[in-house]
Amino acid sequence: MRFKAVALHFTVILMATLGAARLAAAEPVQLVGFGDSLMAGYQLPQEDALPAQLQRALVAKGHDVVITNAGFSGDTTSGGLSRVDWSVPDGTDGVILELGANDALRGIPPDQSEKNLDQIISRLKARGIPILLVGVLAPPNMGAQYGETFNAIYPRLAAKHALPLYPFILDGVITERSLLLEDGMHPNTKGLAVMAQRMLPLAEELVKSVEGKSK
């Protein structure tokens with residue numbers, strides 16, 4: 001009888017463990033879109049913002065994923081550095097990092113922007129969080145020298161930290177007036193849809209890398 005009781009106890013523990021494993025496996029991949037107004041969805045409903053549109057595109061491709069919008073309009077790389085620890089909570093499986101547009105608009109020295117981004121990346125990597133780095137380009141009115149120096153930040157950081165890089169967040173949008181708000185700088189809902197579709201392949205690679213680790 002004692003043997004049967006022990007065997008039953010072991011069976012109960014095993015079933016509970018397997019059940020917990022199944023529940024864990026069923027949990028969606030948790031991503032965070034960390035950035036400025038281009039991530040936040042400036043002047044638009046949250047369901048139209050880039051994280052929401054990208055999430056829907058990934059779900060349509062069969063992925064169980066949730067993308068939290070941690071975009072903050074007006075944020076600089078310095079602001080992002082000051083809030084990254086609490087804006088990206090424990091349990092985050094990956095981060096889509098997009099910052100720097102406001103640095104360029106304000107003429108912040110590129111070496112300072114690069115230093116801030118480098119620290120953000122290092123903090124996330126120290127927590128074991130994979131990153132998709134999203135680049136921005138300096139506006140032409142900042143001058144050729146500034147633009148050349150600033151634009152080199154993202155490829156250099158991607159190479160240094162071995163990160164996938166989406167080179168320019170407004171690719172295919174910034175030159176199309178119909179895809180922008182009246183300010184001519186921020187994407188409208190259609191513009192964000194274009195951005196989500198263009199970013200989708202790299203975002204899907206990020207999700208698949210997380211899914212692969214859970215198997």
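This is a short chat about a predicted model of one protein chain.

Reader: In what order do the elements run from the N terminus on?

Author: They go α-β-α-α-β-α-β-α-α-β-α-α-β-α.

Reader: And how much of the chain do buried residues make up?

Author: Of the 215 residues in the chain, 46% are buried.

Reader: What about contacts between residues at least 6 apart in sequence: what share joins residues at least 24 apart?

Author: That share is 76%.

Reader: On to helices. At what angle do α4 and α6 pack?

Author: At about 15°. Helix α4 covers residues 77–87 and helix α6 covers residues 110–126. Their axes are 8 Å apart.

Reader: How does that angle class α4 against α6, parallel or antiparallel?

Author: Roughly parallel. Angles under 35 degrees count as roughly parallel, so α4 is roughly parallel to α6.

Reader: Is the crossing of α4 and α6 left-handed or right-handed?

Author: The crossing is left-handed.

Reader: Which residues make the contact?

Author: From α4, the contact uses Thr77, Ser78, Gly80, Leu81, Val84 and Asp85. From α6, it uses Ser113, Asn116, Leu117, Gln119, Ile120, Arg123 and Leu124.

Reader: How do those residues of α4 and α6 split by class?

Author: There are 5 nonpolar, 6 polar and 2 charged residues in the contact.

Reader: Stay on α4. Which of its residues are buried?

Author: Thr77, Gly79, Gly80, Leu81, Arg83, Val84 and Ser87 are buried in α4.

Reader: What covers them?

Author: The cover of the buried residues of α4 includes strands β1 (29–35) and β2 (65–71). Helices α5 and α6 are also part of that cover.

Reader: You mentioned β1. Where is Gly35?

Author: Gly35 sits in strand β1.

Reader: Buried or exposed, that Gly35?

Author: Gly35 is buried, because its relative accessible area is 0% and buried means under 20%.

Reader: Which residues does Gly35 touch, leaving out those up to four places away in sequence?

Author: Gly35 touches Ala70, Gly71, Phe72, Asp75, Arg83, Glu98 and Leu99.

Reader: How far is Gly35 from Val84, C-alpha to C-alpha?

Author: The distance is 9.9 Å, with Gly35 and Val84 49 residues apart along the chain.

Reader: New topic: α7 and α8. How do they pack?

Author: Helix α7 (residues 144–151) and helix α8 (residues 153–161) pack at about 20°. Their axes are 5 Å apart. The two helices are therefore roughly parallel to each other.

Reader: Which residues of α7 and α8 meet?

Author: Thr149, Phe150 and Asn151 of α7 meet Ile153, Tyr154, Pro155 and Arg156 of α8. By class, the contact has 4 nonpolar residues, 2 polar and 1 charged.

Reader: Which residues of α7 are buried?

Author: Tyr146, Gly147 and Phe150. Down the axis of α7, its buried residues fall within an arc of 95°, so they line one face of the helix.

Reader: And which residues are exposed on the other side of α7?

Author: Ala144, Gln145 and Glu148 are exposed there.

Reader: What covers the buried residues of α7?

Author: The cover includes α5 (101–106), α6 and α8.

Reader: Now loops. Where is Gly91 found?

Author: Gly91 is in the loop between α4 and β3 (94–98). At 55% relative accessibility, Gly91 counts as exposed.

Reader: How far apart in space are Gly91 and Val29?

Author: Their C-alpha atoms are 9.5 Å apart, and the two residues are 62 apart in sequence.

Reader: What is phi of Gln43 near?

Author: Phi of Gln43 is near 65°, a positive value in a residue other than glycine. Gln43 lies in the loop between α2 (37–40) and α3 (50–60). Gln43 is exposed, at a relative accessible area of 62%.

Reader: And what is phi of Ala162 near?

Author: Phi of Ala162 is near 55°, also a positive value in a residue other than glycine. Ala162 is in the loop between α8 and β5 (165–166). Its relative accessibility is 67%, so Ala162 counts as exposed.

Note on methods
Residues are numbered from 1 along each chain as its sequence is written. This is a predicted model: local features need pLDDT of at least 70, side-chain atom pairs count only at pLDDT 80 or more; totals for chains, interfaces and linings use all residues. Side-chain values use heavy atoms; hydrogens and water are left out. Axes are lines fitted to C-alpha atoms, for helices over the stretch in contact, and angles run from 0 to 180 degrees between N-to-C directions. Helices (H or I, at least four residues) and strands (E, at least two) are DSSP runs, numbered from the N terminus. Angles under 35 degrees count as roughly parallel, over 145 as roughly antiparallel, 65 to 115 as roughly perpendicular and the rest as oblique. A crossing is left-handed if the near helix is turned anticlockwise from the far one by less than a right angle, and right-handed if clockwise. Contact means heavy atoms within 4.5 Å. Ala, Val, Leu, Ile, Met, Phe, Trp, Tyr, Cys and Pro count as nonpolar, Asp, Glu, Lys and Arg as charged, and the others, Gly among them, as polar. Buried means under 20% relative accessible area, exposed over 50%, partly exposed in between (1.4 Å probe, protein chains only). The arc is that of the directions from the helix axis to the C-beta atoms.
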